[in-house]
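Here is a short briefing to read alongside the model.

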Amino acid sequence: MSNDTAAPLPALAPKPWILGIAPYVPGRATSEDGRKVAKLSSNENPFGTPEAAREAYRSAAGELERYPDAAAVELRAALAAHYGIEADRIVYGTGSDEVLHLAAGTFAGPGDEIIHVRYGFAVYEIATRRVGAEPVVVADHDYATDVDAILAAVTERTRVVFVANPNNPTGTYTVKAEIARLHAGLPRSVLLVIDQAYTEYLDAADDDGALELARTQGNVLVTRTFSKIFGLASERIGWGYAAPEIIQAMHRIRAPFAFGIGAQRAAIAALGADDFITRSREHNRQWRSWFGEQIAALGHAGLRVVPSKANFVLVLFEGALTAEVAYKALMDAGYATRWLPGQGLPHGLRITIGTEEEMRAVMDVLRAEVARAG
């Protein structure tokens with residue numbers, strides 16, 4: 001006799017840790033009413049892309065029916081030659097975001113913990129929760145990475161530590177000695193991921209030693225991207241460097257075709273665009289400094305810039321003018337910035353260093369809003 005009273009099957013449901021993820025919110029490129037605005041919300045290069053990279057990308061137009069090289073042999077060789085590292089110790093992905101996800105997915109899972117700082121890159125928590133691990137968020141030191149706070153948070157369940165240097169969204173920088181001290185204080189069973197998305201904006205004297213740590217230590221992964229100074233954000237080209245055992249394990253879960261033929265060729269060409277890179281770095285240094293000086297010149301208006309080594313600044317609004325009001329005023333004027341209430345910074349705007357014209361215009365709007373609020 002059939003059992004007609006059997007209990008119905010449970011409804012399909014996502015894993016609970018997936019439901020705990022707050023989706024990543026990209027920087028806006030349009031206003032609320034759909035107007036196109038100057039995009040100072042995603043830390044893109046205001047000079048665009050090196051022309052050699054554009055030409056290399058166009059050269060692949062006749063090969064759209066072909067799969068790209070899944071091993072990215074030529075790109076890895078170019079990276080190895082450019083940075084003086086070993087090609088077989090390079091992993092690559094769809095932006096450095098994927099490499100960060102690969103690190104979490106390879107070394108952590110349910111019951112494990114991954115540490116990142118309170119004002120860190122939003123992808124760290126997403127990557128952590130995606131694999132069922134528990135994010136451990138540690139306090140900062142005046143918006144900068146606090147090595148002691150990280151080390152104090154390490155437990156036997158810790159598997160990965162994410163540190164961005166320079167940090168996003170604060171722009172703060174951790175010096176070489178502190179990075180070394182952090183690594184020395186971690187158990188060998190913990191992977192230290194040093195996210196260097198903005199490292200090309202640093203001066204040579206600011207090298208944090210991360211690549212050398214990854215070369216000589218078995219638990220360090222350095223991640224980088226072509227999305228920032230190289231001007232290839234749309235092509236989503238990221239990579240990482242670590243000990244062979246780390247890279248081989250990450251390759252097991254890496255998507256086989258991370259980016260297209262044109263993207264790989266463009267990346268290789270961009271590595272050789274020395275004049276473009278130098279111009280971008282010098283422009284960024286000049287106008288980042290100018291913008292900070294202009295904010296400081298407002299006196300006691302309640303605005304301050306967190307010291308930045310990246311291609312953006314975090315402006316804190318601690319007086320009569322709020323970050324929300326400033327954000328809306330800048331958007332109305334045609335400038336999209338990044339307001340960050342979702343990252344615990346409702347009093348902050350992250351502003352990409354744009355062209356001279358854009359930076360002067362943004363400053364004009366802020367001066368006017370300060371006067372209005374005062």
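In what order do the strands of the open sheet of four strands stand? The order is 9-10-13-12, and the pairing is antiparallel; strands here are DSSP E runs of at least two residues, helices are H or I runs of at least four, and both are numbered from the N terminus. Two strands pair if DSSP finds at least two bridges between them.

Please keep in mind that this is a predicted model, in which local features need pLDDT of at least 70, side-chain atom pairs count only at pLDDT 80 or more, and totals for chains, interfaces and linings use all residues. Residues are numbered from 1 along each chain as its sequence is written, and side-chain values use heavy atoms, with hydrogens and water left out.

**The chain as a whole**
- The protein chain has 13 helices and 13 strands.
- A compact globule of 374 residues would have a radius of gyration near 21 Å, and the 22 Å of the protein chain agrees with that; the radius is taken over C-alpha atoms, and the globule rule is 2.2 Å times the number of residues to the power 0.38.
- Along the principal axes, the C-alpha trace spans about 80 × 55 × 50 Å.
- Of the 374 residues, 53% count as buried, meaning under 20% relative accessible area, with exposed over 50% and partly exposed in between (1.4 Å probe, protein chains only).
- Taking contacts (heavy atoms within 4.5 Å) between residues at least 6 apart in sequence, 73% join residues at least 24 apart.

- Five bridges join strand 10 (residues 312-317) to strand 13 (residues 345-352) in the antiparallel sense, and Leu314 has Arg350 of strand 13 as its bridge partner.
- Phe317 lies in strand 10 and counts as buried because its relative accessibility is 5%.
- The C-alpha atoms of Phe317 and Gly348 are 6.1 Å apart, although 31 residues separate them along the chain.
- Beyond neighbours within four places in sequence, Phe317 has contacts including Leu303, Ala326, His347 and Leu366.

**Strand 7 and its partners**
- Six of the six residues of strand 7 (residues 220-225) are buried, so this strand is largely enclosed by the rest of the structure.
- Val220, Val222 and Arg224 point one way from strand 7, while Leu221, Thr223 and Thr225 point the other way.
- Strand 6 (residues 191-195) runs parallel to strand 7 and is joined to it by four bridges, with Val193 opposite Leu221.
- Between strands 6 and 7 the chain passes through helix 8 (residues 210-216).
- On strand 8 (residues 237-241), which runs antiparallel to strand 7 and is joined to it by four bridges, Tyr241 is the bridge partner of Val222.

Definitions and conventions: Right-handed = clockwise from strand over helix to strand, strands pointing away.
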